[in-house]
Amino acid sequence: MSHGQESLDLPYGPLTEPNLGPANLGPEPGWTTWGRWWSPFVVAAISLITFIVGSGLMLVLAFYVVHGQVDRRMLASSEAMMAVSSSRLGLVLLVAAPQMALVLPSLIAALLSPERIGRRLSLVRGHWPYWVWAAAAVVTPLVGWISSIAVGAFMEESENLQMMSEIFRTHGETGFLIPLALLIGATPALCEELLFRGYIQTRLNTSFGVIAAILISSSLFAVFHMDPVHIVAVFPLGLYLGLISWRSGSLFPAMLGHFVNNTVSVVSVVLSPEADSDSISPAMSQFLTVVLVLGATGLVSLIYAWKAYPMRALEEPDRAELGNSGDSPIDPPEDGPVAV
């Protein structure tokens with residue numbers, strides 16, 4: 001699935017009150033920065049429209065590529081849709097292009113902002129070492145699994161999710177597992193994170209604070225999945241990704257976690273037994289063991305890192321010491337997060 005004002009002279013607050021930390025740390029205590037609080041919601045609405053339009057156009061194109069023709073009867077046929085999704089080119093068109101349409105408005109908004117695009121989207125180094133990024137990432141599938149188990153106890157799997165699982169199995173059995181995992185893992189990890197955690201959460205954090213920013217961005221992230229069961233299942237995942245993005249001071253750990261979660265989900269579906277089978281294959285058992293061990297190790301490491309690497313904002317010098325430092329109130333100091 002960003003903050004700060006849009007006016008050139010007020011990037012995060014008055015020019016006499018510099019904010020040197022990464023954008024997603026939010027306003028410093030004691031001062032409020034509302035700015036154009038509505039712009040994340042406008043971008044979200046436009047992103048939904050571009051996603052729906054892009055999905056519709058790619059659906060028509062994919063049907064034409066696979067079937068050689070397009071008509072209303074065919075578009076309403078689940079068998080015809082399954083044939084399109086079972087096509088490798090058709091699947092790429094249905095997944096990649098709509099995701100690019102989804103993220104485009106946020107990229108344009110970030111480019112039009114007076115703030116550097118790296119800071120606007122939290123594409124900065126942050127203050128976590130790379131090993132903490134990896135620890136946070138391998139915990140992500142555990143969050144997804146716990147959420148799925150909890151939702152499964154109260155809600156039945158929807159037809160859309162069942163169809164998705166069947167599509168994954170079909171491609172996995174035809175030797176397309178690795179490209180499929182990369183497609184389903186990387187595309188949303190880049191596009192959805194840039195929109196929801198990169199632009200929306202970072203902007204809302206400056207206006208409303210971190211708790212509201214994570215809740216709102218996670219809610220939008222869930223709603224954009226549209227399927228009711230999927231919405232409920234991915235909301236906790238959105239909360240976790242929002243939390244590690246804020247706490248690390250960077251979008252990259254959330255991107256990596258999103259990628260790992262989706263990749264593990266695809267492989268799990270392909271290796272899992274059919275609905276009418278109670279047996280678990282040796283490959284599935286081994287895969288689950290590896291994921292659980294890595295997740296538990298990552299969780300312990302993440303808890304340690306949470307205390308060992310405090311927020312960068314707490315490590316910055318007092319504002320009074322900045323008066324004669326010569327640092328720009330807009331750009332971070334040289335020892336601060338490096339824009340990517």
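**Exercise 1.** Is Ser-218 buried or exposed, and why?

*Solution.* The model is predicted: local features need pLDDT of at least 70, side-chain atom pairs count only at pLDDT 80 or more, and totals for chains, interfaces and linings use all residues. Residues are numbered from 1 along each chain as its sequence is written, and side-chain values use heavy atoms, with hydrogens and water left out.

Step 1. Buried means under 20% relative accessible area, exposed over 50%, and partly exposed in between (1.4 Å probe, protein chains only).

Step 2. Ser-218 has 0% relative accessibility and therefore counts as buried.

**Exercise 2.** Describe how helix H1 packs against helix H3.

*Solution.* Step 1. Two packed helices are described by the angle between their axes and the distance between the axes.

Step 1. H1 (residues 39-67) and H3 (residues 78-86) pack at about 85 degrees, with axes 9 Å apart. H1 is therefore roughly perpendicular to H3, a class that covers angles of 65 to 115 degrees.

Step 2. From H1, Leu-59, Ala-62, Phe-63, Val-66 and His-67 meet Ala-80, Met-81, Ala-83 and Val-84 of H3. The residues of this contact are eight nonpolar, one polar and no charged.

**Exercise 3.** Characterise the aromatic pairs Tyr-130 with Trp-133 and Phe-196 with Phe-221.

*Solution.* Step 1. The structure holds nine aromatic pairs. Rings of Phe, Tyr and Trp (its six-membered ring) pair if their centres lie within 6.5 Å; planes over 60 degrees apart count as edge-to-face.

Step 1. Tyr-130 and Trp-133 are edge-to-face, at 5.0 Å centre to centre and 85 degrees between the planes. Both lie in helix H6 (residues 130-152), three residues apart, about one turn of the helix. Tyr-130 is exposed at 53% relative accessible area, whereas Trp-133 is buried at 12%.

Step 2. Phe-196 and Phe-221 are also edge-to-face, at 5.6 Å centre to centre and 75 degrees between the planes. This pair links distant parts of the chain, with Phe-196 in helix H8 (residues 177-208) and Phe-221 in helix H9, 25 residues apart. Phe-196 and Phe-221 are both buried.

Key: Axes fitted to C-alpha atoms, helices over the stretch in contact; angles between N-to-C directions. Helix = DSSP H or I, 4+ residues; strand = E, 2+ residues; numbered from the N terminus. Parallel < 35°, antiparallel > 145°, perpendicular 65-115°, else oblique. Contact = heavy atoms within 4.5 Å. Nonpolar A, V, L, I, M, F, W, Y, C, P; charged D, E, K, R; others polar. Phe/Tyr/Trp six-rings, centres within 6.5 Å; stacked < 30°, edge-to-face > 60°.
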